[in-house]
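I opened the notebook to look up strands, cores and charged pairs. My notes follow the picture.

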Amino acid sequence: MAGPNALEPHLIGHDWPEDFRAGFACLVGRPNAGKSTLTNALVGQKVAITSGRPQTTRHTVRGVVHREHGQLVLVDTPGLHRPRTLLGQRLNDLVRETLAEVDVIVFCLPADEKIGPGDRFIARELTQQRTPVIAVATKADKVSRADLAAHLLDIQALGEWAEIVPVSAVRGEQVDVLTDLLLARMPLSPPLYPSGELTDEPENVMIAELVREAALEGVRDELPHSLAVVVEEVTERPREKGDQRPPLLDVRVDIYVERDSQKAIVIGRGGSRLREVGTRARHGIEALLGARVYLDLHVRVAKDWQRDPKLLQRLGF
């Protein structure tokens, strides 16, 4: 398994140690289990959007962890769940395809929540995989030591796991331990990605995810599932000779919802909320692209897009 921008090993050079290991790890768990936050902590930089809302991740996001003796390519999948829509079915299919192709699976179970039907559903799915599974108690900083110990015992009772590790991605606790455990299970291999490359996500996908993350902040519960973002155009404005400032990019983005009432929520009174979304997203996009950005946001209604195969395809699912 290799990302579309991964280089063939012979193109990168031959300066890696003989015991160098490189491969792929997949993070799975029910929605809002802390997978994206853990991905960002392992990579050491934001490559996956995070939100307190379930179903934040809709694409497999690859983050690349570089170490002296190894390289770990992280695949952050949508949360496995019992699907209620065509979109939900497609997201689950995406996860299952990924599980069959990686070297190790990381099963995330948040320590601040009791193990429930969703966790048991995923555990049953994972027992059908030949790939080794490391179970991770995420959000370990949110509970007492006694509660964490009880949670670890509950995880152990769920199935046969290669390892069980408590981690706090927010505090960085045990993140290096998990990295070492994952690298130890990678095959001997030259690097798959050049040094310094942290993700192979296309820029347009990253821009869309930053806008969606900003749009999800502080909205009602029904909105996250109904929100999709498409980057329509990114163009650079002409520069005057001698202008030493970073380039200025015009970025035009469409935010899709399913109903007029949802459109009103995203826009807010007098457009106030949409302006907040634009400001928040623009800062992230400028950091991503290393350029000044004029962000042009439009909110559009695509009725019941989650159940419409043609609309799903148009919106990138």
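**Entry 1: Terms and ground rules.** I count two strands as paired if DSSP finds at least two bridges between them. Helices (H or I, at least four residues) and strands (E, at least two) are DSSP runs, numbered from the N terminus. The model is predicted, so I kept in mind that local features need pLDDT of at least 70 and side-chain atom pairs count only at pLDDT 80 or more, while totals for chains, interfaces and linings use all residues. Residues are numbered from 1 along each chain as its sequence is written, and side-chain values use heavy atoms, with hydrogens and water left out.

**Entry 2: Strand β8.** I looked up the neighbours of β8. Ten bridges join β8 to β9, and these two strands run parallel. Here L249 stands opposite V293 of β9. With strand β7 (residues 228-236), β8 pairs in the antiparallel sense, over eight bridges. V231 has V253 in β8 as its bridge partner.

I then checked how covered β8 is. Buried means under 20% relative accessible area, exposed over 50%, and partly exposed in between (1.4 Å probe, protein chains only). Eight of the ten residues in β8 are buried, so the strand is mostly covered.

**Entry 3: Charged pairs.** Side chains of opposite charge can pair when their charged atoms come close. I call it a salt bridge when a side-chain nitrogen of Lys or Arg is within 4 Å of a carboxyl oxygen of Asp or Glu. By this rule the count is ten salt bridges.

Which parts of the chain does the pair D254 and R300 tie together? Their side chains meet in a salt bridge at 3.1 Å, N to O. D254 lies in strand β8 (residues 248-257) and R300 in strand β9 (residues 292-301), so the pair ties together parts that are 46 residues apart in sequence. D254 is buried, at 3% relative accessible area. R300 is partly exposed, at 34%.

Next I looked at D176 and R67. They form a salt bridge, with the closest N and O atoms 3.7 Å apart. The pair links distant parts of the chain: D176 is in helix α6 (residues 175-184), R67 is in strand β2 (residues 61-67), and they are 109 residues apart. D176 is exposed, with a relative accessible area of 52%. R67 is partly exposed, at 35%.

E209 and R212 also meet in a salt bridge, at 3.4 Å, N to O. They are three residues apart in helix α7 (residues 203-216), so about one helical turn separates them. Are they buried or exposed? E209 counts as buried at 9% relative accessibility, and R212 counts as buried at 2%.

I also noted a network of salt bridges that links R30, E113 and D119.

**Entry 4: Nonpolar cores.** A nonpolar core is a set of buried Ala, Val, Leu, Ile, Met, Phe, Trp, Tyr and Cys residues joined through side-chain atoms within 4.5 Å. The largest has 30 residues, and V28, F107, L126 and W161 touch the most other members. Among the elements that each supply at least two residues of this core are β1 (21-28), β4 (104-110) and α4 (117-127).

What does L126 contact, leaving aside its neighbours within four places in sequence? With contact meaning heavy atoms within 4.5 Å, L126 is in contact with V28, L99, I105, F107, V133 and W161.

**Entry 5: One exposed leucine.** L153 lies in helix α5. L153 is exposed, with a relative accessible area of 55%. The C-alpha atoms of L153 and I164, eleven residues apart along the chain, are separated by 9.6 Å.
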